[in-house]
Amino acid sequence: MEKPRMARSARIGELNLDTARIREQPSVTMSGTVDKIIPSPRPSQPEKVQIAVDGADHRYRDLRIENTLTDEHGDDVRLEKGTHVEVTVAAKDVNPVR
């Protein structure tokens, strides 16, 4: 016997109430390459790196971040031009279910 039809909002509500279900944030990981190092305009500001993300839309291909990173041992590291990187973008839950 088939389950009775229910509204989409009711199905979503049912999934949100399921405590055994593990929620994951939606995310995507893409590869990229460091295109350029942008020196800081002032000594108080860190330098930035521009990363060309492979497979991204042309308008969003270039990503700029501060070049102050930490490795798995807690040491400060810097990216260099031509370095291949993996960029992960995760969505933040704006409306948490209560």
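Tutor: Before we start, helices are DSSP runs of H or I with at least four residues, strands are DSSP runs of E with at least two, and both are numbered from the N terminus. The model is predicted, so to speak of local features requires pLDDT of at least 70 and side-chain atom pairs count only at pLDDT 80 or more, while totals for chains, interfaces and linings use all residues. Residues are numbered from 1 along each chain as its sequence is written, and side-chain values use heavy atoms, with hydrogens and water left out.

Student: How many salt bridges does a search of the whole structure find?

Tutor: The search finds two. A salt bridge is a side-chain nitrogen of Lys or Arg within 4 Å of a carboxyl oxygen of Asp or Glu. One of them joins Glu 47 and Arg 78, with the closest N and O atoms 2.8 Å apart. That pair links distant parts of the chain, 31 residues apart: Glu 47 lies in the loop between β1 and β2, and Arg 78 in the loop between β5 (76-77) and β6 (84-90).

Student: Is Glu 47 buried or exposed?

Tutor: Glu 47 counts as buried because its relative accessibility is 18%. Buried means under 20% relative accessible area, exposed over 50%, and partly exposed in between (1.4 Å probe, protein chains only).

Student: Changing topic, which residues gather in the patch of positive charge on the surface?

Tutor: Lys 36, Lys 48, Arg 64 and Lys 81 do. A patch is made of residues with over 30% relative accessible area and no salt bridge, with like charges joined within 9 Å and nonpolar side chains (Val, Leu, Ile, Met, Phe, Trp, Tyr) within 5 Å. Lys and Arg count as positive and Asp and Glu as negative, whereas His and the chain ends are not counted. A charge is placed at NZ of Lys, CZ of Arg, CG of Asp or CD of Glu. Accessible areas come from the Shrake-Rupley method with a 1.4 Å probe; for residues, only the protein chains shown count as cover.

Student: Where is Lys 36 found?

Tutor: Lys 36 belongs to strand β1 (residues 27-38). Lys 36 counts as partly exposed because its relative accessibility is 40%.
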